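Dear colleague,

Please find below the structure for your review. My notes on it follow directly after.

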Amino acid sequence: MSDEGLKGRVKQKYGQAALRVTGGGDACCGSASSPGGCDPVTSNLYEQGQTEELPREAVAASLGCGNPTALADLAPGEIVLDLGSGGGIDVLLSARRVGPTGKAYGLDMTDEMLALARANQRKAGVANAEFLKGEIEAIPLPDRSVDVVISNCVINLSADKDRVLAEAFRVLRPGGRFAVSDVVVRGEVPTPIRRSVELWIGCVAGALEESEYRARLAKAGFEAVEVEPTRIYRTDDAREFLDREGIDAVAIAPAVDGKFMSAFVRARKPLGV
């Protein structure tokens with residue numbers, strides 16, 4: 001699939017997810033035919049105390065694989081940028097953490113998600129947030145304008161990850177932090193099996209192998225790179241889906257178990273750059 005074809009497919013998928021939430025349903029990462037498709041990728045990522053004051057639609061629209069707002073070190077007065085902000089949950093949580101002297105930007109390319117996020121912002125009464133339309137490969141913010149870049153299971157979807165990382169580096173101030181949740185592959189996985197697993201987890205196709213992720217961050221100029229696993233995916237979690245696809249979960253387990261994971265990826269822009 002071409003880069004533009006992939007981008008169009010992602011926009012369609014997330015636009016449909018936003019419309020389902022607006023209609024009173026839930027967004028879902030997995031196959032549309034999979035009753036449990038949202039698990040284990042998107043479930044139980046946020047504690048009730050974090051989300052109880054947010055609109056239902058902000059929580060329902062979450063299609064992430066982690067909780068970067070819980071793991072990122074945010075301080076009052078800082079400027080935060082969320083790449084691929086979706087329904088706005090991580091932007092709203094970040095805005096509250098940086099307080100009235102700080103600000104949280106959300107960037108998304110999908111009109112339906114932007115409309116949903118702005119509606120959620122109004123319902124939540126959060127003044128220090130702003131949602132921007134654009135692509136994560138071309139961030140519409142000036143150089144050295146943010147303190148922290150976060151993202152929740154979105155960078156893996158880009159066909160030009162090097163460009164995304166270069167853009168994140170550009171907009172960060174010297175000493176700024178890159179703190180994202182993403183899906184990472186640890187070790188080699190045979191291509192046919194990888195495609196099957198990515199089909200199951202839906203929103204996380206295109207995940208980088210861990211050493212490649214580290215190398216690409218270093219190439220972009222980042223230092224102090226860390227990859228911390230937060231959730232490991234097992235074939236048992238996907239048995240129902242794999243059976244429907246005619247894939248023997250037991251047979252592929254040795255090639256898959258423990259290799260696909262949600263991870264918190266940290267890095268820092270050097271001072272003086």
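The mean pLDDT of the protein chain (pLDDT being the predictor's confidence in each residue, from 0 to 100) is 81, and 70% of the residues reach 70 or more. Over residues 30–40 pLDDT stays under 50, and the model has 21 contacts beyond four places in sequence for them (contact: heavy atoms within 4.5 Å).

This is a predicted model, in which local features need pLDDT of at least 70 and side-chain atom pairs count only at pLDDT 80 or more, while totals for chains, interfaces and linings use all residues. Residues are numbered from 1 along each chain as its sequence is written, and side-chain values use heavy atoms, with hydrogens and water left out.

Strand 1 runs parallel to strand 2 (residues 103–108), joined by 5 bridges, and parallel to strand 4 (residues 146–152), joined by 4 bridges (pairing requires at least two DSSP bridges). Leu81 stands opposite Tyr105 in strand 2 and has Val149 as its bridge partner in strand 4.

Glu167 lies in helix 7 (residues 161–171) and counts as buried because its relative accessibility is 4%. Glu167 touches Ile136, Glu137, Ala138 and Ile139, not counting residues up to four places away in sequence.

Kind regards

Conventions. Helices (H or I, at least four residues) and strands (E, at least two) are DSSP runs, numbered from the N terminus. Buried means under 20% relative accessible area, exposed over 50%, partly exposed in between (1.4 Å probe, protein chains only).
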